[in-house]
Amino acid sequence: MHVRIIGFGTNWWSMQSRDLDDPDCFRRGATWFNSTGFMCGRRLRLCWIYPGQVRFNSTSSFDPDFRSRTIGKTFWCSGPNRYRGKVHLLVARPAKSMCPDAFLVTLNSAEHGPIRFEKQGWKSDGVEAISVSLRGQRYEAMLLIAVGGWVQSEWGRWQVSADGRRLELADSEKGVLQ
């Protein structure tokens with residue numbers, strides 16, 4: 001599966017190589033993970049209603065110091081797979097000049113409007129929830145959206161733009177197109 005990354009979640013962590021004699025064990029060979037969550041002061045709250053994560057191995061050419069360089073790039077991914085009650089998406093390696101099959105996007109309540117996750121029809125069949133954190137009215141949702149897939153919020157229907165670079169409001173109940 002080829003996935004273009006459009007957005008990341010708030011929660012980042014890593015696992016380093018077991019070879020602590022290697023001076024680069026915290027950089028080379030490290031695996032990085034991303035998921036949703038909320039910063040409450042200095043504390044990170046997960047508040048998962050759909051637990052899951054995205055994993056970047058060393059072969060993915062992911063650089064944690066320059067995360068923004070990964071935005072807009074397409075990668076070969078395996079999954080999403082369910083393991084121990086969580087959804088896992090492995091980002092294996094870059095897929096240069098490949099058309100994406102799906103898009104990894106992150107939505108939140110401030111930028112995309114309220115979504116009622118308990119209600120059927122909040123997403124199309126081509127959308128898979130990787131990770132969703134919910135705290136009161138606030139949410140952060142990391143979703144894998146297939147080509148033509150959509151997510152419904154109270155502001156309207158969100159889809160990936162025609163150029164595949166961003167999430168946009170396709171139709172709006174308020175009559176405003178973003």
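## Where S1 meets S8

His2 has Trp76 as its bridge partner in S8. That contact belongs to the pairing of strand S1 (residues 2–5) with strand S8 (residues 74–83), where three bridges hold an antiparallel arrangement. Keep in mind that this is a predicted model.

## The sheet around them

Zooming out, S1 and S8 sit side by side in an open sheet of ten strands. Reading across, the order goes S2-S3-S7-S9-S8-S1-S10-S12-S11-S6, and the pairing is mixed. At the edges you'll find strand S2 (11–15) and strand S6 (48–50), each of which pairs on one side only. On average, neighbouring strands in this sheet are turned by 25° against each other, ignoring direction.

## Salt bridges

Now for the charged side chains. A search of the whole structure turns up three salt bridges. Two of them share Arg166: this residue meets Asp163 at 3.3 Å, N to O, and Glu168 at 3.8 Å, again N to O. Asp163, Arg166 and Glu168 are therefore linked in a network of salt bridges.

The other one joins Arg116 to Glu118, with the closest N and O atoms 4.0 Å apart.

## How exposed are the partners?

As for the Arg116 pair, Arg116 is partly exposed at 45% relative accessibility.

Conventions. Residues numbered from 1 in each chain as written. Predicted model: local features only at pLDDT ≥ 70, side-chain atom pairs only at ≥ 80, totals over all residues. Heavy atoms only, no water. Pairing = 2+ DSSP bridges. Helix = DSSP H or I, 4+ residues; strand = E, 2+ residues; numbered from the N terminus. Axes fitted to C-alpha atoms, helices over the stretch in contact; angles between N-to-C directions. Buried < 20%, exposed > 50% of the residue type's maximum accessible area, 1.4 Å probe, protein only.
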